[in-house]
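Here are my notes on the structure below.

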There are 2 protein chains.
Amino acid sequence: MIHRLSLAHPGGTTPIVVGAGALEATRAELETWCAGRTLFVVSSPRVRALHGAVLAPLGAAAARVVDLDVPDGEAAKTVAEVAELWHGLLAAGGKRDSRLITFGGGSVSDLGGFAAATFLRGIEFAALPTTLLAQVDAALGGKTGIDLPGAKNSVGAFHMPAFVVADTAWLSTLPRAELRAGLAEVIKVAFVLEPELFARLEREIAGLLDGDPHRLAPIVAAAAAAKAAVVERDPKEAGERRVLNFGHTLGHALEAAGLERGEPLAHGDAVGWGMRFALRLASPRGLPAEDSARLSELLDRLGLPPLPQFTPEELLAVLARDKKAVESGVRWVLPRRLGAWAAVEVAPDEVRAELVEFLAACQSH
Amino acid sequence: MIHRLSLAHPGGTTPIVVGAGALEATRAELETWCAGRTLFVVSSPRVRALHGAVLAPLGAAAARVVDLDVPDGEAAKTVAEVAELWHGLLAAGGKRDSRLITFGGGSVSDLGGFAAATFLRGIEFAALPTTLLAQVDAALGGKTGIDLPGAKNSVGAFHMPAFVVADTAWLSTLPRAELRAGLAEVIKVAFVLEPELFARLEREIAGLLDGDPHRLAPIVAAAAAAKAAVVERDPKEAGERRVLNFGHTLGHALEAAGLERGEPLAHGDAVGWGMRFALRLASPRGLPAEDSARLSELLDRLGLPPLPQFTPEELLAVLARDKKAVESGVRWVLPRRLGAWAAVEVAPDEVRAELVEFLAACQSH
């Protein structure tokens with residue numbers, strides 16, 4: 001079954017097509033979109049080798065196809081890589097009406113989307129996310145960007161894709177660790193916004209970790225719909241959209257500190273740990289113990305990998321440059337109960353004290 | 001006299017304040033805007049030395065001021081310079097609610113504005129243009145960006161400044177060559193959109209080239225108002241805004257080819273030559289000889305510097321990668337008569353033939 005969502009935004013409406021066979025279901029529209037134009041395909045050699053053949057019909061519809069390779073993973077989101085894309089787009093004669101497809105995980109849509117957002121002040125792109133994390137989160141919502149050393153996504157732009165095609169067939173080649181990391185984002189959105197989806201995850205988590213495309217499709221569609229609804233109401237994160245940062249404040253710090261140490265954490269795993277930490281801040285503010293226990297237990301069943309031996313100081317240093325910070329400090333998205341949340345200022349002393357206990361507890365396992 | 005315009009756009013309304021004393025007239029608003037925040041001032045050492053003292057009151061209102069230096073001129077609009085700005089913003093603890101001021105010519109607002117557009121996916125900035133060219137053109141309208149080798153403004157973003165303050169007092173230190181280059185842009189907008197302003201330029205051109213701030217103020221205000229009206233109706237250059245590219249198609253090619261050769265042309269001078277070339281394409285399409293003669297004569301009185309010895313081939317090669325090109329070719333903005341224009345496709349053979357004659361004629365002087 002194919003799920004078709006649509007996300008209205010100031011620049012138009014983005015169709016989001018989800019399911020096993022989503023690409024075939026969208027083929028005619030995509031062919032029209034790139035017909036007679038130069039089509040740039042930004043992907044990694046690995047993704048191209050696994051799934052690249054599925055793009056052949058689009059290539060036939062375009063006037064010509066130019067492949068631009070980027071490395072896999074967060075480490076590719078650098079100034080040097082985006083500069084290489086810009087030069088590649090220019091050298092191949094990219095025009096304002098050229099089209100660009102990102103085909104890969106979240107780092108590919110972040111990096112390729114940022115190149116599309118800024119080349120000639122913006123060309124249209126379509127996101128074809130191939131990982132669970134990208135299908136439920138990274139490729140939706142128009143956030144594109146690159147990292148500066150120690151500061152994830154600190155350079156970027158809001159640039160909505162013209163299409164998002166999340167074909168769950170591509171998930172069948174994902175390693176279990178990537179499914180786990182993607183499911184952490186699904187758990188995130190479910191816990192603060194969608195109690196029914198959360199209950200479904202509690203029932204199905206074991207099977208979902210096996211990567212069956214048909215079982216994953218409705219979960220991806222539900223998570224994408226929840227995110228799209230939030231983005232539609234708040235495209236530039238002026239308010240409500242910050243709910244999507246549940247687990248991300250410490251999560252981003254864990255990712256950045258891991259990169260600095262050469263012990264990178266997957267984004268979803270970092271968010272999983274970040275949610276655990278947020279529970280510590282949320283409990284004294286009224287989160288019912290029962291709800292907290294349900295999230296903890298589901299994360300236990302997800303099986304997060306162990307944390308590197310971070311010190312509180314290195315994480316606090318990274319938190320201090322959080323890009324969502326304002327002059328008055330970092331605001332934390334905390335659950336009030338299953339399905340409800342608030343953005344809360346937490347005093348730095350409390351963050352520090354909880355972090356010391358949290359790291360001691362995590363690392364004693 | 002202070003002229004206050006306002007430009008409504010999808011993200012809000014930008015006040016544009018023009019005149020001798022415009023900064024003092026806007027001071028209270030700017031102080032409120034940066035009060036209690038980190039204020040980044042992107043400028044060049046030269047501009048800082050000439051006029052930097054005027055920013056002291058703003059610095060006092062901000063929580064702190066961080067100066068970020070960039071070189072003067074188009075050659076500074078590189079990936080390396082914007083990366084340095086990004087790193088500088090991050091290293092100094094820039095936040096989403098930090099403020100940025102660009103203080104300098106058009107290259108400073110292009111480069112600094114692009115850093116503001118993309119740092120943390122966009123922070124607010126105010127443009128304080130110090131050259132005539134920037135006051136009437138570059139700093140208005142939200143186009144920001146950098147160059148790739150041989151392709152001006154080929155990377156960038158639309159990011160409207162929160163304020164534009166064009167204090168014509170700053171023009172008193174401008175060399176005559178910079179006044180000339182700025183007046184070329186004023187002539188451009190006047191010829192295709194504002195016949196009364198054009199007639200005024202015909203009367204006053206000699207005095208304006210002397211740089212009197214009070215004489216320049218109403219001219220800057222009229223040119224800025226004409227541009228702002230166009231931008232307001234078409235913020236992202238979907239249609240009407242392309243009128244502002246009159247003289248820019250060949251103009252950009254001249255600039256790019258000049259840079260490649262190490263014989264850079266000022267943007268306004270290149271636009272002046274570009275308008276002369278556009279007259280050649282416009283005349284056989286019905287532009288009255290009388291109107292064409294008036295523009296030629298005014299450009300004569302402006303006194304453009306001689307063109308480098310370009311070959312037709314090198315200019316045609318640059319035209320082929322014009323960023324406004326679409327797959328079907330470059331469209332030229334051509335005057336139909338004084339105060340009216342059209343965007344026209346011109347066959348490549350005709351462009352080539354006219355270019356050969358044009359270069360021969362220009363270079364025989």
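**Notes on the predicted model**

1. Sheet of chain A. This is a predicted model. Chain A has an open sheet of seven strands, in the order β1-β2-β9-β6-β5-β3-β4, and the pairing is mixed. Strands β1 (3–9) and β4 (64–69) of chain A stand at the edges. Each has a single partner strand, so one side of each is left without a neighbour in the sheet. On average, neighbouring strands of this sheet are turned by 15 degrees against each other, direction ignored.

2. Pairing of β2 and β9 in chain A. Strand β2 (residues 12–19) and strand β9 (residues 163–167) of chain A run parallel. Four bridges join them. For a spot check, take A:Val18: the residue opposite, in β9(A), is A:Ala166.

3. Helices on the chain A sheet. Helix α1 (residues 22–34) of chain A packs on the sheet. Its contacts are with β1, β2, β3 (38–43), β5 (99–104), β6 (124–129) and β9 of chain A. The direction of α1 makes about 155 degrees with that of β9(A). Helix α9 (residues 213–233) of chain A also packs on the sheet, touching β1 and β2 of chain A. Here the angle is about 15 degrees, taken between the directions of α9 and β1(A).

4. A helix pair in chain A. Two packed helices are described by the angle between their axes and the distance between the axes. For helix α8 (residues 195–208) and helix α12 (residues 289–302) of chain A, the axes come within 10 Å and cross at roughly 35 degrees. The crossing of α8(A) and α12(A) is left-handed. On the α8(A) side, the contact is made by A:Phe198, A:Ala199, A:Leu201, A:Glu202 and A:Ile205. On the α12(A) side, A:Arg294, A:Leu295, A:Leu298, A:Arg301 and A:Leu302 take part. By class, this contact of α8(A) with α12(A) has seven nonpolar, three charged and no polar residues.

5. Sheet of chain B. Chain B has an open sheet of seven strands, ordered β1-β2-β9-β6-β5-β3-β4, with mixed pairing. Its edge strands are β1 (3–9) and β4 (64–69) of chain B, and each pairs on one side only. Neighbouring strands of this sheet are turned by 15 degrees against each other on average, direction ignored.

6. Helices on the chain B sheet. Helix α5 (residues 106–118) of chain B packs on the sheet and touches β3, β5 and β6 of chain B. Its direction makes about 165 degrees with that of β5(B). Helix α9 (residues 213–233) of chain B packs on the sheet as well, touching β1 and β2 (12–19) of chain B. The direction of this α9 makes about 15 degrees with that of β1(B).

7. Strand β5 of chain B. How many residues of strand β5 (residues 99–104) of chain B are buried? The count is six of six. In a regular strand the side chains alternate between the two faces of the sheet. In β5(B), B:Arg99, B:Ile101 and B:Phe103 point one way, while B:Leu100, B:Thr102 and B:Gly104 point the other way. Strand β3 (residues 38–43) of chain B runs parallel to β5(B), and five bridges join the two. B:Val41 has B:Ile101 as its bridge partner, and B:Val42 has B:Thr102. With strand β6 (residues 124–129) of chain B, β5(B) pairs in the parallel sense over six bridges. There, B:Arg99 is the bridge partner of B:Glu124.

8. B:His248. This residue is in helix α10 (residues 248–261) of chain B. Is B:His248 buried or exposed? A relative accessible area of 5% falls under the 20% cut-off, so B:His248 counts as buried. The side chains of B:His248 and B:His267 are joined by a polar contact of 3.2 Å. Leaving out residues up to four places away in sequence, B:His248 touches B:Asp137, B:Glu185, B:Lys188, B:His267 and B:Val271.

9. B:Val155. Strand β8 (residues 151–158) of chain B holds B:Val155. B:Val155 has a relative accessible area of 0%, so it is buried. Beyond its neighbours within four places in sequence, B:Val155 is in contact with A:Trp86, A:Thr118 and A:Leu120 of chain A, and with B:Phe114, B:Thr144, B:Gly145, B:Ile146 and B:Leu148 of chain B. B:Val155 and B:Lys77 are 78 residues apart in sequence; C-alpha to C-alpha, they are 9.9 Å apart in space.

How values were computed. Residues are numbered from 1 along each chain as its sequence is written. Chains are lettered from A and ligands numbered from 1 in the order in which they are written. This is a predicted model: local features need pLDDT of at least 70, side-chain atom pairs count only at pLDDT 80 or more; totals for chains, interfaces and linings use all residues. Side-chain values use heavy atoms; hydrogens and water are left out. Two strands pair if DSSP finds at least two bridges between them. Axes are lines fitted to C-alpha atoms, for helices over the stretch in contact, and angles run from 0 to 180 degrees between N-to-C directions. Contact means heavy atoms within 4.5 Å. A crossing is left-handed if the near helix is turned anticlockwise from the far one by less than a right angle, and right-handed if clockwise. Ala, Val, Leu, Ile, Met, Phe, Trp, Tyr, Cys and Pro count as nonpolar, Asp, Glu, Lys and Arg as charged, and the others, Gly among them, as polar. Buried means under 20% relative accessible area, exposed over 50%, partly exposed in between (1.4 Å probe, protein chains only). A polar contact is a pair of N or O atoms within 3.5 Å; within protein, one must be able to donate a hydrogen and the other to accept it, and residues adjacent in sequence count only if both atoms are side-chain atoms.
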